[in-house]
Every structure is written in C-alpha cells, then in structure tokens.
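Have a look at the sequence and the structure first, and then read on.

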Amino acid sequence: MSGTSSKRETAERTAGESGAVHTRAPAASDDGGQGTAPRAPGRTSDGHGGGSPDRHTKVTVLVALVANLVIAVAKGVGGVLAGSPALLSEAAHSVADSLNEVFLLAALRRSRRPADRRHPFGYGKERFFWSLLAAVGIFVMGGCFSFFQGFEALRQGAEEKLSGYVAGLIVLGVALLAEGVSLLRALHQVRRQGGLAGLRDPALRTVVAEDGTAVLGVTLALIGMALHMVTGQVVWEASASLAIGVLLVYVAYRLGRDARDQLIGEAADPEQSARIRSLLRAQPEIDSVEALFTMKMGLDSTLVAARIDLAPGLDSERVEEVAVRVKRSLAQTFPDADQIFLDVTDRRAGEADESPAATGERGGA
C-alpha cells in the first residue's frame, strides 16, 4: 500500500509538469491547475497550423452560400410562375442549404476560440453542434417541404403552360450548372486535404453532401418536369418531388448521426488507439496499461487518458521522470493528442475498468 500511495502522490505532483508536453491554452479550471501550457501562436483550437485549412473551407462555404442564394430566388420565382411542385421543392432545398451555410460559417468562427475557464478543453466541438443544426435544417426545410409539395400535387393536380415548362427547365439548367461548380470547388478542397481524410471536417463534409444532393435533386426535378410536359401527367413531377424529399431526409439522417456521435464523445480511431497503447506498453518502466480512454475534442484535438501500472522498485523521482517522458513521447508521436492524462496506480484484483476521472487521481494534464 505504501508503494501505491507513493505512486499516487507522485502522479499528483506531475500535474504541474505538463508545460513540456502540451501546446494548448491554459485550462483555467478549479481543480488545482490541471490545465496545460499555452498553445503555440498561429494554431487554431482544432490544431490547424495558421488556420489555412479553415480559410479554404470558409471560401468553399461562401461559394456554396452565394450559389444557393441565387438559385433559391430563381427556383422560387420559377416555381411560382410555372406552378411546378418539383421546382418549389428544389427552391426549399436551396433555402435550407443557404441557412445551413450560415450555420457552417458560425461553426468555423466559433470553433477557433481558445480554451477558457468555462470550457477548459476549448471549443472544437462547436463544429459538430452547428453541423447537427445544419442536418436538422435539411430535414425540416428541405425534406418535409418536398414531401408536402409532392402530396399536394398528387391530391390537387397541377396545370402548366408551355411557357411555364420552358421557364422551369431553364431555371433548373442554370441551377444544375451553379450547383456543379460549387460541388467541384468542394471536391477540389477535399482532394487538397488528403482525399477522404479531408471529410473529417464536418463543415466540409456537409458542403459536399449538400452540393452532391443538390445536383442529384435538380436532375430528378428536370426529369420529373420533362416527363410531366411530355405526358401531361402530374404524377411524374409529384414523384420527383417525393424522391427529392426521400433523398434529403436520408442525407440529413447521415449528417445528423455523424454529428451526434462526435458530440456525445467519439473515441479516436482503433488504429490510433492501438498505437497509443503499444507506445505505452513499450516503455520499460510500465508493467501494464490497465485502461486507455480517448475522445476527439475537435478536428485535430484528441484527449488521451490512461491508467498505467509501473514496475515496482521505482523511487518517487524516477516515477516523476517516467511520467513526464511518457507524456512527451505521446505528444511528439501523436501531435493531435494535446490533452494527456496519466493515472499511475495499482489495479486491485477483480477491479472493473473505470474512467480515470472517476478515481479522482489524475497524474498529469
């Protein structure tokens, strides 16, 4: 028991040694200064050097916003003049996308705020929150209105003049071109940021999903309107409106599910967690890694909490040196691990795994 007490006392002493390990802004907490040293200038709260990826994402979102605003007006006017349910559904889709771009711009700005006393781990999760609101906007304003237009067209029918068809098809053609340009811009940024890895950014992922859905939705509206014009049967255009609604609801569900997982607290990917565990086990002074917990705090910010059992016979100074060295090694090997907590403790036989926070014995920050 004396060995365990010594380890725990040493763990508490190492809480103040994190300056050599972290680059995050001080976490002004009330638990005795468990925060970290200031983040290097020029880094965002998500770990982006110089904020360059955020600037590119902001340009992509602005391009999508301008395109959607122009298209929403054109579709709305054309839909009213032509009495087209599919065109009105697409107008609602563009309005929803425009509002969502505003949400994403707020996410980009607010997620860069530095950590403070109220939010000691920073504001990186703001991105996930605003992305969730964007998903809700797609579902309510886009999907539900499209279903309404489709059912109303089936119930009441719709009569259009040839001029209305022509105007509607022209508006949809222009919309398809504008949405395609916005989608190409978003895909170009995804490619610049490493392909699929670039889609980790919820703001960029939402823009890609919106623009891809918009291109497909406009195509469906074009097909429905053309078939209505040829056959005189409104069921084709109503079906296109319903199909657009199904598409929007599905996309909203997928985006909302991803944002929900990240807001709840998603662990680092299994490969990274396995590498962290292997690095800890490779230290000669560590007997075993009893528990390892990780959580994504932002795009490039990960919290790592580990309960480790050290080899017996180490004096308090040696334990302190090991703890600092291990944390430094983790931070250097995994740059996004900017919050590292070590709980140096002995595990009693039969003790269930529990969060280091639950023990109240954090050995480092």
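Helices here are DSSP runs of H or I with at least four residues, strands are runs of E with at least two, and both are numbered from the N terminus. What you see is a predicted model, where local features need pLDDT of at least 70, side-chain atom pairs count only at pLDDT 80 or more, and totals for chains, interfaces and linings use all residues. Residues are numbered from 1 along each chain as its sequence is written, and side-chain values use heavy atoms, with hydrogens and water left out.

Start with helix α4, residues 126-156, where you'll find serine 131. Serine 131 counts as buried because its relative accessibility is 3%; the cut-offs are under 20% for buried, over 50% for exposed, and partly exposed in between, with a 1.4 Å probe and protein chains only.

In general, strands of a sheet pair through backbone hydrogen bonds, either parallel or antiparallel. Here 3 strands make an open sheet, ordered β1-β2-β3, with mixed pairing. β1 (286-298) and β3 (339-344) are the edge strands, each pairing on one side only; two strands pair if DSSP finds at least two bridges between them. β2, residues 301-310, runs parallel to β3, and 6 bridges join the two. Across from valine 304 you'll spot isoleucine 340 in β3.
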